[in-house]
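Thanks for coming. Please have a look at the structure on the screen, and I will go through a few parts of it.

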Amino acid sequence: MSGTNERVLSGIQPTMDSFHVGNWFGALTQWVDLQQTHDCFYCVVDLHALTVNHDPTAIKQRTLASVAQLFAIGIDPNKATVFVQSHLAEHSQLAWVLSCMAGFGEASRMTQFKDKSQKEGTDRSTVGLFTYPILQAADILLYQPSRVPVGDDQRQHLELTRDLAQRFNSTYGETFKIPETMTVVGNSRVLDLQDPTAKMSKSSPAGAVFLMDSNDQITKKIKSAVTDSDREVSFDPVAKPGIANLIGLLAAASEEELETIAAQVAGLGYGAFKQQVADALVARIEPIRETTKELLSDPATLQRQIQAGAQKARVVASSTMTAVNQRLGLLPESP
Ligand code: TRP
């Protein structure tokens, strides 16, 4: 996309072999749409994946698989700049600078850190997990985006990003654009099929439909989704969260309004309804899965595309980093 369009930047972690429909309908379909109107930078944040126990034999493949899936869902490397975080040293460089500007108390208030460190146990939580939001701020600010499309759970990290950018600008002079948060519209909250009070997540494999699942796996997961003891479908997210979630999935998969789909399926028996949801998901996911496999069967081409992405990203990131170092008063390498 031409440089006159507003820029957006977003990131996703390569923590699994496959994204799930929560990622897809929650955020990634918006990434695809934004290519029509914005200058898009999409980053696979592999350094963030190091903040919790990571598997060194798997991360390379997962990074490749993540990029392949982004292409397969419709992100076009000729329109958007798709790149891998660790290929640009600038992310770590700016993260250090920002960590020297962030307050310890400020970072301690991040609810995602509090949740995750509670789960891991304080002793096993790393400093990297603590500074995760600061690396995220660096991911964003390097590219001077006007907006950052993220899920609702990332709002606090975006506020921190804006605060750090403002603080840097007022201390050292205008350097960073202050990015706006752009929360995902529509079907942003896909719930766990086995526990429709929780968000769909990779850590609950039976409750999540993955883009790399086989048609049979998809159908099986939808058919065993937890519902309620009624017999007929009606849309009621409070009393019938399981059914409401499936209606949401059907609407997203058929690219229809939620209200339209809710009216269409009202009164159906659960068996027939679930079959319809499964069929709609299979119809959308099958071509994505097959395209992903095809892309992964030629890793050299995929890697060349990733390298081209890094080269495009570097132009922007290195110019921001040069300005940052200059404002900080660091001695330049060349006289
Ligand atoms: N923390 C984000 C998430 O879990 C991922 C992320 C890392 C990100 N860097 C980013 C999102 C930069 C937007 C912009 O979803």
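One definition before we start: a polar contact is a pair of N or O atoms within 3.5 Å. Also keep in mind that this is a predicted model.

For Tyr132, the distance from a side-chain N or O atom to a ligand nitrogen is 2.8 Å. On its own the ligand has 360 Å² of accessible area, and the protein covers 86% of that.

Which residues are around the ligand? They are Leu9, Ser10, Gly11, Val45, His48, Tyr132, Gln136, Asp139, Ile140, Val148, Val150 and Gln154. At least two residues of this shell come from each of β1 (7–12), α6 and β4 (147–150). Helix α6 gives the largest share, with four residues.

Next, helix α3, residues 90–99. Its buried residues are Glu90, His91, Leu94, Ala95, Val97 and Leu98. Why do they lie on the same side of α3? Because they cover an arc of only 160° around the axis. The buried residues of α3 pack against strands β2 (39–44) and β3 (81–84), and against helices α6 (127–141), α7 (155–172) and α12 (299–328).

Ser92 is also in α3. Is Ser92 buried or partly exposed? Ser92 is partly exposed, since its relative accessible area is 41%. Along the chain Ser92 and Leu9 are 83 residues apart, and their C-alpha atoms are separated by 17 Å.

The last element is helix α9, residues 241–253. At 1.5 Å a residue, its 13 residues should span 18 Å, and the end C-alpha atoms are 18 Å apart, so the two agree. How many of the residues of α9 are buried? The count is 12 of the 13, so α9 is largely enclosed by the rest of the structure. Among the buried ones are Gly242, Asn245 and Gly248. The cover over them includes α1 (21–34), α8 (215–223), α10 (258–265) and α11 (270–296). After α9 comes Glu255, which has a positive phi, near 50°.

Key: Residues are numbered from 1 along each chain as its sequence is written. This is a predicted model: local features need pLDDT of at least 70, side-chain atom pairs count only at pLDDT 80 or more; totals for chains, interfaces and linings use all residues. Side-chain values use heavy atoms; hydrogens and water are left out. Buried means under 20% relative accessible area, exposed over 50%, partly exposed in between (1.4 Å probe, protein chains only). The arc is that of the directions from the helix axis to the C-beta atoms. Contact means heavy atoms within 4.5 Å. The expected span of a helix is 1.5 Å times one less than its number of residues. A residue is near a molecule or strand if one of its heavy atoms lies within 4 Å of it. A polar contact is a pair of N or O atoms within 3.5 Å; within protein, one must be able to donate a hydrogen and the other to accept it, and residues adjacent in sequence count only if both atoms are side-chain atoms. Accessible areas come from the Shrake-Rupley method with a 1.4 Å probe; for residues, only the protein chains shown count as cover.
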